[in-house]
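Biologist: Could you walk me through this model and tell me what stands behind each label you use?

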Amino acid sequence: MGIRTFVCVKWSVDPRVPVEVVSGEQAPRRLSLEPGHVVNVADRGALEVARRLAADSDGEVCAVTVGPAHHATALCVALWAGASRAIHVVTDGAPKAPWDVGALLAAVLELEQFDLVLCGAKGTDRGTGQVGPFLAELLDLPQVMRVVGLASGVQRERLVAQRLLERGERELLDVPLPALVCVLPAICNPPYVPARRSLRSNDERISRIPSSDLAPMPGSVQAVLEPQLVRLSQPRIRPKRILAPDSGLSAMERARMLAGGQSVRSGASVRGNPGKLAEQIIEFLTRNDLLRRSAR
Amino acid sequence: MQPLRETWWNVLSWEHWLVYALACFAGGAVVCRIGRLARVWRRGARPPDGLSAAEALRRLWSNAVLQVWIADDIYAGIMHLAIFWGFLTLFAGTIANSLDHYTYLLTGFKLLKGGIYLGYKLVLDMAGLALLAGVIMAAHRRYVRRPPYLGTGWRFGVTLALLFMTGLTGLLLEGLRLRATLPDWGVWSPAGNVLSLLLGALGVSSASAEAGHRGMWLVHLVVAMATVAGISTLNLLHMITSPLHVLQSGQGRKGELSWVDRIDEAARVGASRVTDLTQPQMLSLDACTECGRCENSCPAFQAGQALSPKQVVLALRSQQRAAGSELPDAVLRTASDGLVCPAALWACTTCRSCAEVCPVLIDPMSLIIDLRRGEVDGGRVPSTVARVLEDCAGLRSVWGQAENDRASWIEELGLPAAKPGDRPELLYLLGDTAPYDLQAQSAARTLVKILNAAHVRPSSFGSADGSDGDFARRLGEEGLFQALAGANVRRLRDVGPKRILTHCPHTFNSLRNEYGRLGASFEVVHHSQLLLELLENGVLHPTRALSVRVAYHDPCYLGRYNGVYEEPRRVLQSLPGLELVEMPRHREHSLCCGGGGGMMFLDVAQGRRISDLRIEEAAALGVDAIATACPYCAIMLKDATATLAAPLQVKDLAEFVLDACQEAR
């Protein structure tokens, strides 16, 4: 039996449409006559990876989404992209907090058999990136984040995942199944989705479950209130800073620094605990006459 | 003795039966072949529109009988007319002779006698000479001159040889008969008579000629029947398939692509299997005569790119014929190892020159678009195409720029934005190029200045202005086109303009020829037409002499698609001091700029840029500037002048008019 993968997909705002933040308003304005929706970019990558894993191992892909009725379009796209079935947790349309979305997904997946759960790293609307970790926690699954490569392991019960670290460094992990993996959009170039696939919101392969029919999982009922948005604001206009020598230096010292041909760029990489790092940074700045230490 | 023909003269009675047997065999081979092909054609999708009988007959008359395309290539045209009419006349003459013989046997009435018979002989003799002359011309063209777009395979050689031998043995037969019988009316068969005299001069007696006639008759019979049978296997097949295709082809408006109904429910869109092609398309593959005109006129082929429309047709034909019992599931292979490679598929600029020059009305461009649709439907598009389509879907602009930038620029033009119910006299649709490209912005501002000077105050479409969907459609994304077109039609209907002005021929074509499927019926005018109206009505007064030599570049979507050739020329010719020079390839034969069909946004994988060829052509004329009437042409040509460092300006028509009109400047 091949790898059985569940892919969590989201019907999300089109990231190409620019938004305008107006100070004091509660929500950004979308600058489009007819702002469109698409399957979340990272989720499309997840679907393609799932399809490839299923093709390699003779497995199956199931797509799942949480949202109001018209969000089924995301599942129609997923079915075109290679999923063999889909589950739609139908909600009433009010925005759901990431924890609640995770809880609903967990309630569905708890009833299913799977080897792997794939999520996009974050959505293009709120971008919290929390649903995946919440879901992994509720299902008690090992989780791997920021994955840019995923392949079958030598053993059927394991996968090899490549994580993207800062500065482009990579980390190779051996992942035991079942597991939850959050993928970055860079994981692959998914195939283009024909526009007509986004015109459908119905397919006989979609199973619909009203969210009210799902029993909450133990520990999934959250007592903590979600943070509430108060207002948005634009960045303050700041004058451009021009790097200049410390004004505490004498005019001669400053002129020498500016005209004296200090053409060598110097830098250093420091490691250590925060206290030690602060000392090393201060010492560097002082040594390069960028910081004048006051006498104590 | 009155002139008449003894039908079976010098033919033994068992040889009569040989004629019938071979005729049945040859005719049967043709009928069986056509029957098998027709069974394949009928597996194709039904085309949505039918053609009226009157229109079908008109096309048959002009294309198959008169062969009006002779004017395009005089040599090939005369050659083909000679072969076609020569062979047809001889064939009809043989049938007429047989019918006359059996009519006489049954009724005692004989038509082919006296003056009628003499005329009949003269016509057949001339037909035989015409056939021979045509075949010699064809052989010279194909095997001596060897143009690159003509194949030299054995099939063509065998075809020409069979035709030649049929004509030659027929004339020899006539000469031997005349030598043997020495009738008084021999001069009415001029060629046969010359041969007869030659045989006499060589000392061939009447008895020897009669014996020779018997042998030559068998040779002629076999060769002629082989030629008829060859219709089923050699490229003579087009004698039947081409007229059939002419009767079925071109059922939509020129400039309009086929519509896909209920696209959200369709199992497949485009052609990913052989039977996804329509019946006329499948017939067209077998109707191709392999003349190479499409290849010769294709700008991508001329630029050394991977595309040849002829090879696309032949590749599809090969797949269709090879599919055999695998129909209807046989998949059209378009992978890099397939017969239609992606580089060719995505090199088409949709200029329509291939469809324009095809003598049997095949439309290779529509085949390519259907293949593209199949690729898009399967998600198999190059990344650059995907990006353009996604930008078009998200931002209603192929340029990937924000809608608010577009709206604010349109506002800067100072045109009032039309609101629902306004019903403006003239609505200026700027589309999704003018707001973002500097060259197109300049042309649009210029046009607005001219219109202001002419006291014409159009409204703009405001923030509703955007992509007309043309590029999406030509790239094969039919769903996106229908979505954009549907939204545009709804908004335009809400505004209710009496007339729509556009300076983009692509928008002009979409509104005029393609939006009608959505119930739109707007009066659309291209800015070249409006400028001509203003000039001819005396509203604009071009008084400033320009002193400039200008070549006019015909945009494909204005010229070939919509037949607008005269208006831009008359606009330019009305400007004082402007000398209009025609490009070597102009009007219907205009060389594409290379930007259409989405090619504006794709890299050239192999060969040269098409726009470079056009600029070289213009530079060779020694003109100062190129005038055009399309923002995409302007972008492509201006880019090419910079690349080639050509001393040429590229300007929109409106910019020349503004230069010449004192009051508008």
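Modeller: Gladly! Let us begin with A:Arg196 and B:Asp377, which form a salt bridge. This is a predicted model, where local features need pLDDT of at least 70 and side-chain atom pairs count only at pLDDT 80 or more, while totals for chains, interfaces and linings use all residues. Residues are numbered from 1 along each chain as its sequence is written, chains are lettered from A and ligands numbered from 1 in the order in which they are written, and side-chain values use heavy atoms, with hydrogens and water left out.

Biologist: Why is the pair A:Arg196 and B:Asp377 called a salt bridge?

Modeller: The term asks for a side-chain nitrogen of Lys or Arg within 4 Å of a carboxyl oxygen of Asp or Glu. The closest N and O atoms of A:Arg196 and B:Asp377 are 2.6 Å apart, so the pair qualifies. The rule finds 3 salt bridges across the interface of chain A and chain B.

Biologist: What kinds of residue make up the side of chain A that touches chain B?

Modeller: That side has 11 nonpolar, 2 polar and 7 charged residues. Here Ala, Val, Leu, Ile, Met, Phe, Trp, Tyr, Cys and Pro count as nonpolar, Asp, Glu, Lys and Arg as charged, and the others, Gly among them, as polar.

Biologist: How many residues of each chain are in contact?

Modeller: Contact means heavy atoms within 4.5 Å, and by that test 20 residues of chain A meet 31 residues of chain B.

Biologist: What makes the largest space a cavity, and which residues lie nearest its centre?

Modeller: On a 1 Å grid over the protein atoms alone, a cavity is a set of points where a 1.4 Å probe fits but cannot get out, and lining residues have an atom within 4 Å of a point. The largest cavity holds about 110 Å³, the volume being the space filled by probe spheres set on points joined across faces, edges and corners. Of its 16 lining residues, B:Cys288, B:Cys291, B:Cys294, B:Cys358 and B:Ile362 lie nearest the centre.

Biologist: Which peptide bond is cis?

Modeller: The one joining A:Leu177 and A:Pro178, with omega about 0°.

Conventions: 1 Å grid on protein atoms, 1.4 Å probe; cavity = no way out; pocket = protein on both sides within 12 Å on 5 of 7 lines; lining within 4 Å.
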